Amino acid sequence: MCFETIGIARHRMATDGEGVTTLVGGYGCPLDCRWCLNPQCHGGKSTGYAVESLYDKLKCDSLYFEATGGGVTFGGGEPLLQIGFICDFIDYTRSLGLSWRFYIETSLAVKCDISALASRADRFIIDVKDMNPEIYFAYTGRSADIMRENLMLLAHLCPEKLRVRLPLIPDFNTPEDVERSADELMLLGVTDLDRFMYKKTDKICDK
Ligand code: SF4
């Protein structure tokens, strides 16, 4: 099994969590966001790594990870498309006695066994777009059902591991919509909410 990546970025400081992290961007995404900032994940080139070869690529920063409480962030694209690999990779590093932390940057829009990752990952950084199904569909071109199903399960299993990002999306939602999403999430027991604004750029994904 290989992990298909659009790129690896080292030495990220306090971007995803504590300490120094390396971002491994997964290839592919099931959504069709209007303001997609990663169009290369839909049709560009990817590089495949087996578990041991990805470990060999990342291990040069192991001392940084261990000294700062950092580790590896699987992002994208959508990393849950390759959830089996991620579980295997975490298990592999743990079998080596390493204390790397693992972060998952995800939209949760993939039908998968999310509970397998809930027990392994240290944090999920989730971009839900908007909890309103109509706004979600208008912006992503997909139903919100899978995202909501995974979110409910994670909120039940490990609410303390969830950081949910709530974007204000130009032309698609309003500050009031963002607050409605926040209220719904807090009712689910999710308290780590990150409100921010998407920047409208010319990099519109044209798939
Ligand atoms: S912005 Fe949307 S379509 Fe683009 S990679 Fe992220 S979730 Fe996928």
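G77 is found in the loop between β4 and α4, where helices (H or I, at least four residues) and strands (E, at least two) are DSSP runs numbered from the N terminus. A cis peptide bond, with omega about 0°, joins G76 and G77. Most peptide bonds are trans, and most residues other than glycine have a negative phi. The structure is a predicted model, in which local features need pLDDT of at least 70 and side-chain atom pairs count only at pLDDT 80 or more, while totals for chains, interfaces and linings use all residues. Residues are numbered from 1 along each chain as its sequence is written.

Two residues other than glycine have a positive phi to look at here. Phi of H11 is near 60°, and H11 lies in strand β1. H11 counts as exposed because 11 C-beta neighbours lie inside 10 Å; a residue is buried if 20 or more other C-beta atoms lie within 10 Å of its own, exposed if 12 or fewer, and partly exposed in between, with C-beta atoms placed from the backbone. Phi of D171 is near 75°. D171 is placed in the loop between β7 and α8 (175–187), and is exposed, with 10 other C-beta atoms within 10 Å.

Strand β1 also holds F3. F3 is buried, because 23 other C-beta atoms lie within 10 Å. Leaving aside neighbours within four places in sequence, F3 is in contact (C-beta atoms, placed from the backbone, within 7 Å) with G26, G48, Y49, L54, Q82 and F85.

Next comes helix α4. Helix α4 covers residues 83–95, and its 13 residues should span 18 Å at 1.5 Å a residue; the end C-alpha atoms are 18 Å apart, which agrees. The expected span is 1.5 Å times one less than the number of residues. Within α4, I83, F85, I86, F89, I90 and T93 are buried. Seen down the axis of α4, these buried residues fall within an arc of 155°, so they line one face of the helix; the arc is that of the directions from the helix axis to the C-beta atoms. On the other side of α4, D91 and S95 are exposed. The cover over the buried residues of α4 includes β1 (3–13), α2 (51–58), β4 (71–75), β5 (101–106) and α5 (114–118). After α4 comes G97, with a positive phi near 80°.

The buried residues of α7 are M147, N150, L151 and L154. Down the axis of α7, they fall within an arc of 100°, so they line one face of the helix. The face turned away from this buried side carries the exposed residues D145, M152 and H156. Among the elements covering the buried residues of α7 are α5, β6 (123–127) and β7 (162–168).

In soluble globular proteins, nonpolar side chains tend to be buried together. Here, the largest nonpolar core has 52 residues, of which I86, I104, F124, I126, V128 and V164 touch the most other members. Such a core is a set of buried Ala, Val, Leu, Ile, Met, Phe, Trp, Tyr and Cys residues joined through C-beta atoms within 7 Å. The largest share of this core, 5 residues, comes from α4. Not counting residues up to four places away in sequence, I126 touches T106, L108, L151, L162, V164 and R165.

Conventions: Two residues are in contact if their C-beta atoms, placed from the backbone, lie within 7 Å.
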